[in-house]
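Student: I'd like to learn how to read contacts and packing from a set of coordinates. Can we work through one example together?

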Amino acid sequence: MTDRTEATEKLLRRLRSDAGVPPASRDVEPPELAVWRRMRDDPFLAEVFTVTEDPPVIHSYLAGGHPGVARFLSDIIWLGESDVRLPIGYWSAGADTFAGAPVIYVDDEASVELIGTSLVDFLGTWVGELGAEELLDFCRRAGLRPPMPEAECEAALKDYPDPQQVFDFFLHTSS
């Protein structure tokens with residue numbers, strides 16, 4: 001098992017090499033993505049999340065024309081936006097496909113963060129105790145596993161590269 005620092009260094013070494021890392025193939029998507037598309041109009045989900053493959057705020061990120069931003073964002077399959085317009089998607093994390101991809105958010109201050117191994121994990125922390133029963137009910141109806149406890153989620157994410165360091169790499173090496 002690796003930790004986030006080792007995984008990040010390994011990916012950055014690949015990115016620094018002449019070959020680099022091509023954007024991931026979208027042929028293999030996380031199976032959960034089909035569920036989100038199917039359940040997009042569910043009242044619970046619609047209250048906390050907007051399912052869209054084209055979050056409007058992403059256009060503003062790309063408007064600056066920075067190739068590093070565009071390159072980083074090309075490695076994300078967008079799920080949608082939280083109720084506060086936080087764009088969320090699956091990040092390839094340097095893999096060849098999106099199978100098993102972690103979930104990431106990008107905010108308006110050029111910060112990116114891993115938030116779970118699935119959108120359910122993020123929603124578990126987002127809705128908190130006040131919405132826990134509604135989320136569990138939604139998971140049952142959608143056929144999704146319930147959110148992992150926060151400690152388990154953090155442990156599961158330790159094997160992935162740090163997206164902020166990868167994003168910063170693209171910002172500083174692309175012109």
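Student: How many salt bridges does the structure hold?
Tutor: Bear in mind that this is a predicted model. The structure holds 5 salt bridges. Let's take a few in turn.

Student: Which residue forms a salt bridge with D42?
Tutor: That's R141, and the closest N and O atoms of the two are 2.3 Å apart. D42 sits in the loop between α2 and α3 (43–48) while R141 belongs to helix α7, so the pair ties together parts that are 99 residues apart in sequence. D42 is buried at 9% relative accessible area, whereas R141, at 41%, is partly exposed. There's also a network here: salt bridges with shared partners join D42, D137 and R141.

Student: And what does R71 meet in a salt bridge?
Tutor: The side chain of D75, at 2.5 Å from N to O. R71 counts as buried at 17% relative accessibility, and D75 is buried too, at 6%.

Student: Where do D121 and R145 lie?
Tutor: Their salt bridge has its closest N and O atoms 2.9 Å apart. D121 is in helix α6 and R145 in the loop between α7 and α8 (150–157), so this pair ties together parts 24 residues apart in sequence.

Student: What else is buried in helix α6?
Tutor: The buried residues of α6 (residues 119–127) are L119, V120, D121, F122, L123 and V127. Look at the ends as well: S118 caps the N-terminal end, with a side-chain oxygen 3.3 Å from the backbone nitrogen of V120. After the helix comes G128, whose phi is positive, near 60°.

Student: On to the sheet. What is the order of its strands?
Tutor: The general idea is that strands of a sheet pair through backbone hydrogen bonds, either parallel or antiparallel. Here you have an open sheet of 5 strands, ordered β1-β2-β3-β4-β5, with antiparallel pairing. β1 (49–51) and β5 are at the edges with a single partner strand each, so one side of each has no neighbour in the sheet. From one strand to the next, the twist averages 35°.

Student: Which helices pack on the sheet?
Tutor: α6 lies across β1, β2 (76–82), β3, β4 and β5, at about 95° to β5. Helix α9 (residues 163–173) packs on the sheet as well, touching β3, β4 and β5, and its direction makes about 150° with that of β5.

Student: Is β5 mostly covered or mostly open?
Tutor: Mostly covered: 4 of the 5 residues in β5 (residues 112–116) are buried.

Student: Last topic, aromatic rings. How many aromatic pairs are there?
Tutor: A pair of aromatic rings is described by the distance of the centres and the angle of the planes. The count here is 6 aromatic pairs. For W36 and F138 the centres are 5.7 Å apart and the planes at 15°, so the pair is stacked. W36 is in helix α2 (residues 32–38) and F138 in helix α7 (residues 132–142), 102 residues apart; both are buried.

Student: Is the pair of F72 and W91 stacked or tilted?
Tutor: Their centres are 5.8 Å apart and their planes at 35°, so the pair is tilted. F72 is in helix α5 (residues 67–73), W91 in strand β3 (residues 87–91), and both are buried. Ring pairs link F72 and W91 with F167, F169 and F170 into a cluster.

Note on methods:
Residues numbered from 1 in each chain as written. Predicted model: local features only at pLDDT ≥ 70, side-chain atom pairs only at ≥ 80, totals over all residues. Heavy atoms only, no water. Phe/Tyr/Trp six-rings, centres within 6.5 Å; stacked < 30°, edge-to-face > 60°. Helix = DSSP H or I, 4+ residues; strand = E, 2+ residues; numbered from the N terminus. Buried < 20%, exposed > 50% of the residue type's maximum accessible area, 1.4 Å probe, protein only. Polar contact = N/O pair within 3.5 Å; in protein donor to acceptor, adjacent residues only side chain to side chain. Pairing = 2+ DSSP bridges. Axes fitted to C-alpha atoms, helices over the stretch in contact; angles between N-to-C directions. Contact = heavy atoms within 4.5 Å. Salt bridge = Lys/Arg side-chain N within 4 Å of Asp/Glu carboxyl O.
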